[in-house]
Amino acid sequence: MLFKSLSILTAATAALAADQYTLKAAIGPGATGLKPLQLHGNNIVYGLTTGYSDFRAEDDGNTIKLIAQGFPGLSLDVAQDGELIFKSPPEPKEGFSFKGDGLVKDFEFNDSQEFYSCIDETVGPLHPPIVYVKTGDKYGCKNPVKFTIAATKE
Ligand SMILES: *[C@@H]1O[C@H](CO)[C@@H](O)[C@H](O)[C@H]1NC(C)=O
């Protein structure tokens, strides 16, 4: 009897919780081309082996919450130049969505699925590639590395 009510409670809690996704830049073909996005400084980056935090993204309807160990509430935002940044405390941000029916969805902003990073700046352990979303008709650098972002439901 007790076990049964606990199961019902667990199921109800699961139904209420929003889906969480891990985000990966799909830079090359196959699984090896998937680079997990990371938190670093105030930016979203990829490719760091130290000095970063993994996170999950959750869409609560009007905010993309970022869940990362050791961080207070965070939300994803876009700077004027398209740079992906995060805010704390979380703030609503229109334009982000997860598209698709499968377990892996396409992440987009303002109907754009094209993201990029710049390699013609000094990229190294202290300057990881920063993720931008392409919103207009221009890139912020001459030689952008273009990619989409694959969101895998956890
Ligand atoms: C996204 O779309 C909104 C509404 O059309 C617009 O106000 C905003 O400037 C766009 N954001 C970027 C970074 O282009």
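Reader: How many bridges join strand 2 to strand 3, and how do the two strands run?
Author: In this predicted model, strand 2 (residues 34-40) and strand 3 are joined by four bridges, and they run antiparallel.

Reader: Which residue stands opposite Ile-44?
Author: Leu-39 stands opposite Ile-44 of strand 3.

Reader: And what happens at the hairpin of these strands?
Author: Two residues lie between strand 2 and strand 3 in the hairpin, and Gly-41 takes a positive phi near 60° there.

Reader: Which residues of strand 3 are buried, and on which side?
Author: Strand 3 spans residues 43-46 and is covered on both faces. Asn-43 and Val-45 are buried on one side, and Ile-44 and Tyr-46 are buried on the other.

Reader: Let us change topic. What surrounds the ligand?
Author: Phe-109, Asn-110 and Thr-135 surround the ligand. Of the 360 Å² of accessible area that the ligand has on its own, the protein covers 40%.

Reader: How far is the side chain of Asn-110 from an oxygen atom of the ligand?
Author: An N or O atom in the Asn-110 side chain is 2.3 Å from an oxygen atom of the ligand.

Reader: Where does Asn-110 lie, then?
Author: Asn-110 lies in the loop that connects strand 9 (104-109) and strand 10 (115-118). Its phi is positive, near 45°, although Asn-110 is a residue other than glycine.

Reader: What is phi for Asp-111?
Author: Asp-111 also is not a glycine, and its phi is positive at about 65°. Asp-111 is placed in the loop between strand 9 and strand 10. Most residues other than glycine have a negative phi.

Reader: Is Asp-111 buried or exposed?
Author: Asp-111 counts as exposed because its relative accessibility is 67%, and the cut-off for exposed is over 50%.

Reader: Where is the cis peptide bond?
Author: The cis bond runs from Ser-88 to Pro-89, with omega near 0°. Pro-89 is found in the loop between strand 7 (84-87) and strand 8 (96-99).

Reader: Now the charged pairs. How many salt bridges are there?
Author: The count comes to seven salt bridges. Side chains of opposite charge can pair when their charged atoms come close.

Reader: Which residue does Lys-153 pair with?
Author: Lys-153 forms a salt bridge with Asp-19, and the closest N and O atoms are 3.6 Å apart. Lys-153 belongs to strand 12 (residues 144-153) and Asp-19 to the loop between helix 1 (2-16) and strand 1 (20-26), so the pair ties together parts 134 residues apart in sequence.

Reader: How accessible are Lys-153 and Asp-19?
Author: Lys-153 is partly exposed at 35% relative accessibility, and Asp-19 is partly exposed at 39%.

Reader: What about Arg-56 and its salt bridge?
Author: Arg-56 pairs with Glu-154, with the closest N and O atoms 3.7 Å apart. Arg-56 is partly exposed at 35%, and Glu-154 is partly exposed at 48%.

Reader: Is Glu-108 buried or exposed?
Author: Glu-108 is buried, with a relative accessible area of 5%. Glu-108 forms a salt bridge with Lys-99, the closest N and O atoms being 2.9 Å apart, and Lys-99 is partly exposed at 39%.

Conventions:
Residues are numbered from 1 along each chain as its sequence is written. This is a predicted model: local features need pLDDT of at least 70, side-chain atom pairs count only at pLDDT 80 or more; totals for chains, interfaces and linings use all residues. Side-chain values use heavy atoms; hydrogens and water are left out. A residue is near a molecule or strand if one of its heavy atoms lies within 4 Å of it. A polar contact is a pair of N or O atoms within 3.5 Å; within protein, one must be able to donate a hydrogen and the other to accept it, and residues adjacent in sequence count only if both atoms are side-chain atoms. Accessible areas come from the Shrake-Rupley method with a 1.4 Å probe; for residues, only the protein chains shown count as cover. Buried means under 20% relative accessible area, exposed over 50%, partly exposed in between (1.4 Å probe, protein chains only). Two strands pair if DSSP finds at least two bridges between them. A salt bridge is a side-chain nitrogen of Lys or Arg within 4 Å of a carboxyl oxygen of Asp or Glu.
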